[in-house]
Amino acid sequence: MARKKIALIGAGQIGGTLAHLAGLKELGDVVLFDIAEGIPQGKGLDIAESSPVDGFDAGYKGTQSYADIAGADVIIVTAGVPRKPGMSRDDLLGINLKVMDAVGAGIKQYAPNAFVICITNPLDAMVWALQKASGLPKNKIVGMAGVLDSARFRYFLAEEFNVSVEDVTAFVLGGHGDDMVPLVRYSTVAGIPLPDLVKMGWTTQAKLDAIVERTRKGGGEIVNLLKTGSAFYAPAASAIAMAESYLKDKKRVLPCAAHLDGQYGVKDMFVGVPIVIGENGVERVVEIEMNAEEKAMFEKSVASVRGLVDACKSINPALA
Ligand code: A3D
């Protein structure tokens, strides 16, 4: 059976890490596309030269030509600019919207059957714009954010409880912004919900509230430390988990920015919700009941995403 083909649009910090992880996990052959000449070629060759040491077989090709993504099974988009200290994700909108136009046209022409994962910020608006620009079916395009946000939440909780990260599950809803919605009562340690752990004396409500707040600002914490860009190891690992679920038809239940057509009361927007990813792309949107407080937080988050989508429509009316 022929190897799967994974095209990475954007070969920067996240793109390079994605290329390395895709090889280490033998997900398929990798094409790195970037407008910066030499970068995708150099990164591809460097990673290929590590393959004899780590013992994996994967082809690597760096390119400036969209024709090379033809026939890709999965495309992961990180093209654009990342945040610097003092910038919000929303400050990136104008520049990255133009990038989504170009990337969407490339995908439409050469790889309209791929499953596409968008990472470029501001995430929920960029995945919306990329779907419009590419014309991809709504079940074949998602945004990566919730897997990362919930991984951050899980990591902070595992540290607080001094237990394995593997036994902590977390549930995050809403847009990928500082008003995302970490759902405490659906997050557990080995099945025990967080409010019960507070009652059991494992932590205090105040500490839990601080962890929720740290999760919401998790991206900014890394930006402030790095100073020259934003997080890339955990974002890449998160997108690879999504790609793997599609390529291997694992049907994992993952929080992703998915197209909503009435679910959660939202229409024609991409917002973070739990979905099942399998061979057909987005196979199911999981709708949960929210209490009044959760609903209010979710609606606030959706309103921020709507504001960004409206900004995209006013910059580029052709997308509306
Ligand atoms: P960076 O290392 O700057 O890589 C971006 C790459 O995109 C560069 O190599 C550019 O040359 C390339 N590029 C720019 N314009 C184009 C174009 N038109 N076509 C092809 N390539 C182009 O950034 P990064 O990898 O650190 O981050 C990439 C994106 O992911 C940024 O928008 C970040 O804000 C975003 N990001 C999202 C998350 C989420 O959780 C959603 C997390 C971290 C970063």
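A: Helices (H or I, at least four residues) and strands (E, at least two) are DSSP runs, numbered from the N terminus. Over residues 148–305 the chain is 44% helix and 23% strand, with end C-alpha atoms 18 Å apart. This is a predicted model: local features need pLDDT of at least 70, side-chain atom pairs count only at pLDDT 80 or more, and totals for chains, interfaces and linings use all residues. Residues are numbered from 1 along each chain as its sequence is written.

Q: What makes residues 148–305 a span to look at, and which other domain is listed?
A: An unreviewed UniProt entry lists residues 148–305 as "domain: Lactate/malate dehydrogenase C-terminal". The unreviewed entry also lists residues 5–143 as "domain: Lactate/malate dehydrogenase N-terminal". UniProt positions are given in the numbering used here, feature names are shortened, and annotations may be inferred rather than shown by experiment. Residues 5–143 are 42% helix and 18% strand, and their end C-alpha atoms lie 19 Å apart.

Q: Why is H176 called buried?
A: A residue is buried if 20 or more other C-beta atoms lie within 10 Å of its own, exposed if 12 or fewer, and partly exposed in between, with C-beta atoms placed from the backbone. H176 has 29 other C-beta atoms within 10 Å, so it is buried. H176 lies in the loop between β8 (172–173) and β9, and the unreviewed UniProt entry lists H176 as "active site".

Q: What is H176 in contact with, leaving aside its neighbours within four places in sequence?
A: Contact asks for C-beta atoms, placed from the backbone, within 7 Å. On that test H176 is in contact with L123, D124, A145, D149, A257 and G272.

Q: How do you know that the span of helix α7 agrees with its number of residues?
A: The expected span is 1.5 Å times one less than the number of residues. For the twelve residues of α7 (residues 205–216) that should give 16 Å, and the end C-alpha atoms are 17 Å apart, which agrees.

Q: Which residues of α7 are buried, and what puts them on the same side?
A: L208, I211, V212, T215 and R216 are buried in α7. They cover an arc of only 140° around the axis, so they sit on the same side of α7. The arc is that of the directions from the helix axis to the C-beta atoms. On the other side of α7, A206, D209 and E213 are exposed.

Notes: Two residues are in contact if their C-beta atoms, placed from the backbone, lie within 7 Å.
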